[in-house]
Structure formats: structure tokens, C-alpha cells
Amino acid sequence: MNAISSTAVSLDTLSPGACGTIAALGGTANNDMVDRLREIGFAEGLDVEFLHQSPFGKDPIAVRVGDMTVALRRAEATLIKVNIV
Amino acid sequence: MSSPSLVAVVGNPNCGKSALFNALTGLRQKVANYPGATVERRTGALMGRDGIELIDLPGTYSLTPRSPDEAVTFEVLSGKHDVEQKPAAILCVVDATNLAQHLRFVLELKALDLPIVVAMNMMDLAARERISIDVSLLSTRLGVPVVETIAVRKKGLTELTDKVISSFNAPTNLNIDYGDTIKLRQKAARKIANEVTLSEGIGHKSTRVLDSFLLHPLLGPVILFSLLFLMFQAVFSWAEAPMGVIDTGIGALQGIFSNLLSDGLLLSFLNDGILAGVGSVVIFLPQIIVLFFCILILESTGYMARAAFLMDRIMASVGLNGRAFIPLLSSFACAIPGIMAARSIANEKDRLTTILIAPLMTCAARLPVYTVIIAAFIPNDTVGGFGLQGLVMFSLYLAGILAALAAAAILKRTVTQGPSDTFILELPKYQVPNPRYVFSGLYERAGLFLKRAGTIILASTIILWALTLYPEPPVGADRPDVAYSFVGIIGGWLEVIFAPIGFNWEISAALVPGMAAREVAIAALGTVYSLSGSEEMIEAGLVSMLHSAWSLPTALSFLTWFIFAPQCLSTLAVTKRETGGWKWPLFMMGYLFALAYGASFIVFQTASALL
């Protein structure tokens with residue numbers, strides 16, 4: 001489940017309405033930010049749904065992850081890889 | 001047992017922790033500040049038991065502190081706090097509708113080797129979402145007691161109290177290893193959550209539906225700005241009647257004193273010193289209550305996080321993030337709670353910037369100043385369907401906001417330079433506002449405000465009153481008495497500095513006591529212009545008095561001064577406490593005075609040249 005399939009994309013590249021499963025968290029560096037994302041509720045295997053984006057410049061975005069809704073900026077959303085369903 | 005056993009109440013944000021704490025302790029809470037620290041210490045006896053003291057620790061997602069208030073939670077729980085004793089037990093509040101996420105925090109707490117009792121809160125919401133949980137299995141899996149609670153309806157509190165008391169002597173070392181990284185704890189928490197969840201639930205439909213309107217690309221901002229507009233409407237219209245009552249009450253009290261006492265020093269002290277001065281401040285209590293009522297309702301429903309989401313991009317353009325919007329909104333009532341609310345901002349530089357610009361938001365104390373000057377100088381005409389006086393008031397508010405944004409942009413590029421924090425915020429489920437939360441919050445704010453009126457403002461008005469009486473004028477004086485007093489003398493010195501911005505010696509003198517609190521400046525102008533009588537007479541008299549005594553450029557310059565000038569000792573004092581030294585309050589004072597002087601100079605000189 002944790003393997004990044006060939007279809008995994010960064011959460012920041014999606015648009016409202018997109019649904020998927022979190023394939024992996026992380027990137028080249030920035031482990032502290034990954035920990036923060038985990039603390040607020042992002043984890044591998046959880047369902048994620050792109051809900052809203054800011055009316056001003058489409059950034060930040062709001063996503064449903066598991067049972068919660070979380071707002072974050074696209075810069076951090078790049079750390080979240082999603083398998084689209 | 002000398003000191004009571006301490007029980008720490010902890011939990012993720014939005015788990016209903018504060019509601020449960022309020023239900024368990026009642027209204028008799030003690031709110032204090034840790035010496036030298038920025039976090040309130042909120043405690044109360046557990047269900048009236050004197051031997052057990054609950055402490056409400058700031059909500060946090062983990063024991064890795066990300067902000068000053070989260071650091072306190074970590075220090076207290078790990079027994080590393082300077083003044084707080086190590087708690088005897090932890091009461092961890094979890095949201096039954098978001099079990100896996102909240103259990104991860106419970107697992108992290110277990111490593112602390114303290115007795116833990118879990119309050120499974122929001123069971124009513126869980127039932128509505130058709131989530132069903134095997135609580136006794138959860139208790140077995142975690143190795144700690146788990147009690148179902150509904151904080152807002154006070155359900156499960158007796159059982160919870162019993163479990164907390166019996167936990168004191170329970171063994172803590174259960175030798176269950178969940179791993180030491182957050183990833184492993186997430187896995188373990190999800191495994192347990194899956195085991196104990198009997199039915200998954202249908203999610204919170206109404207939150208989805210509401211968000212589709214409130215976060216809509218077009219409707220979202222329109223609704224936000226309409227709400228803010230209505231809020232300020234409410235501050236003026238709802239507060240009008242109670243303000244009239246307070247005004248009449250103060251006048252009546254002055255009347256009683258006038259009848260009881262003969263003319264003399266004592267009567268003057270009571271009526272002109274205390275009642276006129278303190279009364280001019282207390283009269284704003286209704287406006288402050290209305291504004292905080294609106295803010296607390298928005299917070300309690302979960303909308304405030306959406307407002308932060310919508311405002312993030314705008315705040316980002318000046319180097320801050322959406323979270324700064326909440327403290328800045330509170331600053332429209334009063335900068336002090338706003339500056340304290342900045343504690344939730346994780347990044348130190350962002351927090352400092354927010355604190356430094358908070359006094360530029362037009363607080364309630366500026367209203368009496370604006371009201372009197374506008375009434376005296378701005379004609380009650382309409383321009384394009386809008387009242388001219390209202391438009392001037394609106395532009396004064398707008399000028400404050402724009403100045404705050406500009407100041408933030410400049411500060412973030414200079415003195416508070418540094419990498420700015422990102423924006424990650426949970427958008428909680430919408431809830432019906434909890435009346436208990438709203439009213440205990442209001443009670444606290446009103447208490448703080450009245451305390452301020454009874455101490456710093458009372459003291460400064462008494463001192464002012466004395467300084468206007470002495471020294472007495474010489475025999476055969478041809479100017480008003482006050483011109484010969486200390487206030488007159490000081491005003492004369494300051495006039496030299498303030499002449500380029502159009503202030504005469506009367507204004508300069510009124511600004512001295514106005515340093516204590518902005519609204520005192522109006523009472524001081526009344527005193528300086530040798531008016532006496534009831535508060536009402538001072539206001540009505542002052543309007544016509546100022547109209548003939550000041551030129552229009554002077555009046556505009558005076559209004560401009562009040563947009564910027566840091567005339568509030570309490571704000572500077574709270575800034576010193578929150579930033580841990582004199583450096584930043586002095587900086588704040590310096591930059592705001594410079595702005596005030598510069599802007600007033602431009603306004604006065606331009607207006608004088610044009611008119």
C-alpha cells in the first residue's frame with residue numbers, strides 16, 4: 001500500500017473534486033515539515049479529497065484527509081504523493 | 001497533603017477540551033500568567049474537590065512544541081517546567097469522531113510514564129454520524145481507563161472524576177511499545193482505531209455542505225466581508241442602548257454627589273476626577289462585549305478557521321499567514337487580547353510582527369475620540385447615498401488596516417526579517433456555538449476591561465485631576481485656571497514639539513494623560529477646556545467648544561494622530577510581557593509615534609495649504 005505507483009502525483013497539482021489515497025509523504029528533504037503534516041493527520045493509506053482552493057490565487061487549498069479537513073499551502077502539498085482513484 | 005494534586009487536561013485542538021474543562025471546573029476558574037512567560041495558567045478544582053486541581057494546557061497535536069504555548073504543554077507534562085509541579089495524572093480528551101488521529105497523541109503521551117485517563121468526548125456527534133466504538137475494548141488495548149463524555153451536556157463527568165481519582169495510584173508502566181517515531185505511532189493508532197470501531201459512520205455532512213458555500217470561490221469572500229460588516233454594525237447599533245443607560249447612571253451618580261456634598265475639593269474629586277474619568281471608559285463596555293460576543297461565536301462555530309483560510313493569501317502578501325488574521329480581528333475590540341492571541345502563531349518572527357501591528361487596528365478606545373471630533377467638524381451631509389460622517393469613520397478604520405499591512409510588509413523585510421511560517425490549519429467541524437464557552441469568555445473579557453478601568457485609568461484620571469488643580473493661578477489671572485497648572489505648563493512645553501502638526505497647548509496637555517489610555521484624552525480635553533458638569537454635558541459641550549476652538553486642519557491632524565499613536569500603557573505593558581523585555585515595546589512606541597507625527601504633519605500641512 002505504501003509503494004508509490006506510477007500514477008502517484010503531488011497533491012498540489014490536483015484541482016477541486018480530485019480524490020485519491022495517500023501513497024507517500026516526503027520529498028527530497030524537509031523531514032520536520034513531514035512530521036508536522038503527520039501530526040495534523042496526514043498518513044499513508046488515508047483517503048484524501050481535494051475540496052477547496054483559496055479564491056485569491058488558488059493557494060492555500062483545503063483537503064479532506066481521513067475524517068478531518070485540513071488547510072495547507074501548495075508548497076507543503078508537494079510533499080504529499082497521491083494515488084488517484 | 002499540602003498542595004492539591006495536579007491533573008493536566010490535554011488534547012488535540014478542536015477536541016472539545018476547553019468545553020470539558022469548563023464543565024468539570026465550573027465558572028470558578030483561576031486564570032493567571034506564568035511569570036515571564038506568555039501563556040495563561042487556567043486552573044480549577046475538579047468537580048468542587050479542593051484536593052484536585054485541573055490545569056487546562058494549550059491544545060497540541062504532539063509533544064514536539066511548535067509554538068510558545070505548545071512548549072508549555074510539553075514542559076509541564078515532562079516535569080521540566082520552571083514553576084509548575086509535575087502532574088499526578090493526565091486527562092486526555094479525544095474526539096470520538098476522529099479516533100485514529102487523536103489516539104496517536106494518546107500513544108505519544110503513554111511514553112511519559114504518568115497515569116492517563118481518556119475522555120472520549122463528542123459522543124453526541126459520533127452518534128449523529130452513526131459512529132459506534134467499543135469503549136471497553138479500547139480501554140483494554142490502551143491499558144488506561146476510557147470514559148465516554150459529552151462536555152456540552154455534562155454527560156459522563158461523575159464517572160470521569162472517579163476514574164481520575166483512582167488513576168493516581170494506578171501502575172503506569174504497561175510495557176506496551178508503540179515505537180518511537182510518529183509514523184509508527186500513526187500505524188499503531190490506526191490499528192487500534194480499526195479494531196474498536198464497530199461502525200465507520202457517514203461523515204459530517206453539514207460541514208461539507210456549509211463549506212461548499214462558505215469556502216466557495218465567489219460566495220466565500222462575499223460572506224466573510226458581509227459578516228465582518230454586520231459585526232461592526234452590531235457593535236454600533238446593539239451597544240447604543242446600554243451605553244445610554246451607563247451614561248445616564250453616571251450622570252445620576254454625579255447628581256447625587258452634588259446634592260449630598262457642598263462645592264469643594266471632595267465633590268470635584270468624586271465628580272470631575274473619578275466619575276468623569278472612569279465613566280468615559282466604562283461607557284465602552286457594551287461595545288467591547290458586543291464585539292467579543294461576535295468573535296467568540298465565530299470561534300465557537302468553527303468559522304474562524306475558515307476566515308483564516310480565506311485571508312491567508314492576503315496575509316501572505318505582507319509576509320504573514322492566515323493565522324495572524326484572528327489576533328488582528330480581536331484587536332478591533334482591544335489590542336491586548338489580540339496581542340495575547342498571537343501566542344498561537346508558531347513562528348517567532350511572524351508572532352512578533354503580528355504583535356507590533358496589532359495596535360494599528362482601530363480599537364474600541366479610539367471610538368470616543370473619533371466620535372467627538374467627527375461630530376464637531378464633519379458636516380452631517382450625504383455623499384452618493386452615504387453619510388459623510390460614517391464615511392470618515394470608515395476611512396479611519398481603513399487607514400488603520402492599510403497602515404498595518406504596510407507596516408507588516410516593511411517589518412518583515414527589516415527588523416523581523418526571517419523565513420516566514422507556512423500555513424497549516426485544521427478546519428474543524430461546524431458546531432452550534434457553545435453558550436457556556438461564549439459567556440465564560442465574555443465574563444472574562446469584561447472583567448479584564450473593568451479591572452483596567454478600575455486601576456490604570458482610575459489612577460491616571462486622579463493624577464490628571466490633581467495636576468489640573470495645582471499650582472493654583474495667581475491673583476488676577478486673565479487666562480483659565482488650568483493654564484497655570486502643571487498640565488498647562490507641560491502642555492506649553494509639548495506645544496513646541498506639536499506646533500508643526502497643528503496641536504495647540506490644550507491638545508498637547510490632553511495627550512499627556514491620554515498616554516495612559518486613548519479614551520482618557522477626551523475626558524482630558526474636557527477638563528482642560530475648563531468644562532464641568534455631567535459626562536453628557538462634557539461631550540455635548542466639547543463638540544461645540546472644539547468646533548470653535550480648532551481649525552479643520554487641526555481636527556484632521558488630531559484624527560490622523562489617533563490612527564497611529566501608541567497611546568495605551570496597557571498595550572505597551574502586555575507587549576513587554578509577551579516579548580520578554582523592553583526592546584520591542586520601546587520599538588513599538590518609537591515607530592508608532594514616528595508614523596503618527598509624520599502622517600499628522602502631512603495631513604496638517606496639506607490641509608492648511610488647501611483650505
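This is a predicted model: local features need pLDDT of at least 70, side-chain atom pairs count only at pLDDT 80 or more; totals for chains, interfaces and linings use all residues.
I'll start with the interface. On one side, chain B puts 34 residues in contact with 35 residues of chain A. Together the two chains bury about 3200 Å², and 54% of that area is on carbon and sulfur atoms. Three residues deserve a name here. B:Arg66, B:Phe309 and B:Ile424 supply 21% of the area that chain B buries against chain A, more than any other three residues.

Now the polar side of the interface. Between chain B and chain A there are 16 residue pairs in polar contact, counting pairs with both residues at pLDDT 80 or more. Which parts of chain B supply at least two residues each to the side that touches chain A? They are helix 3, residues 99–110; helix 7, 182–196; helix 8, 205–214; helix 12; and strand 12, 424–427. Helix 12 of chain B has the largest share of that side, with six residues. Sorted by class, the side of chain B that touches chain A has 14 nonpolar, nine polar and eleven charged residues.

Next, salt bridges. As background, side chains of opposite charge can pair when their charged atoms come close. Five salt bridges are found across the interface of chain B and chain A. B:Asp312, for example, forms a salt bridge with A:Arg73, with the closest N and O atoms 2.8 Å apart.

Over all chains, the whole structure has 22 salt bridges. One within chain B joins B:Asp56 to B:Lys17, where the closest N and O atoms are 2.6 Å apart. That pair links distant parts of the chain: B:Asp56 is in strand 4, residues 49–56, and B:Lys17 is in helix 1, residues 17–25, and the two are 39 residues apart.

Last, the second largest pocket. How much space lies in it? The answer is about 1600 Å³. Its lining is made up of 42 residues, and those nearest the centre are B:Phe232, B:Phe236, B:Met393, B:Phe394 and B:Tyr397. By class, 30 residues of the lining are nonpolar, seven are polar and five are charged.

Several elements of chain B supply at least two residues each to this lining, among them helix 9, residues 219–260, helix 17, 388–413, and helix 22, 535–549. Helix 9 of chain B gives the most, with ten residues. Helix 12, residues 303–316, is also one of the elements that supply at least two residues to the pocket lining, and helix 12 of chain B also has the largest share of the side that touches chain A.

Conventions
Residues are numbered from 1 along each chain as its sequence is written. Chains are lettered from A and ligands numbered from 1 in the order in which they are written. Side-chain values use heavy atoms; hydrogens and water are left out. On a 1 Å grid over the protein atoms alone, a cavity is a set of points where a 1.4 Å probe fits but cannot get out, and a pocket is an open set with protein on both sides within 12 Å along at least five of seven lines; lining residues have an atom within 4 Å of a point. Grid points are joined across faces, edges and corners, and a volume is the space filled by probe spheres set on the points. Helices (H or I, at least four residues) and strands (E, at least two) are DSSP runs, numbered from the N terminus. Ala, Val, Leu, Ile, Met, Phe, Trp, Tyr, Cys and Pro count as nonpolar, Asp, Glu, Lys and Arg as charged, and the others, Gly among them, as polar. Contact means heavy atoms within 4.5 Å. Buried area is the accessible area (1.4 Å probe) that two parts lose on being put together, summed over both. A salt bridge is a side-chain nitrogen of Lys or Arg within 4 Å of a carboxyl oxygen of Asp or Glu. A polar contact is a pair of N or O atoms within 3.5 Å; within protein, one must be able to donate a hydrogen and the other to accept it, and residues adjacent in sequence count only if both atoms are side-chain atoms.
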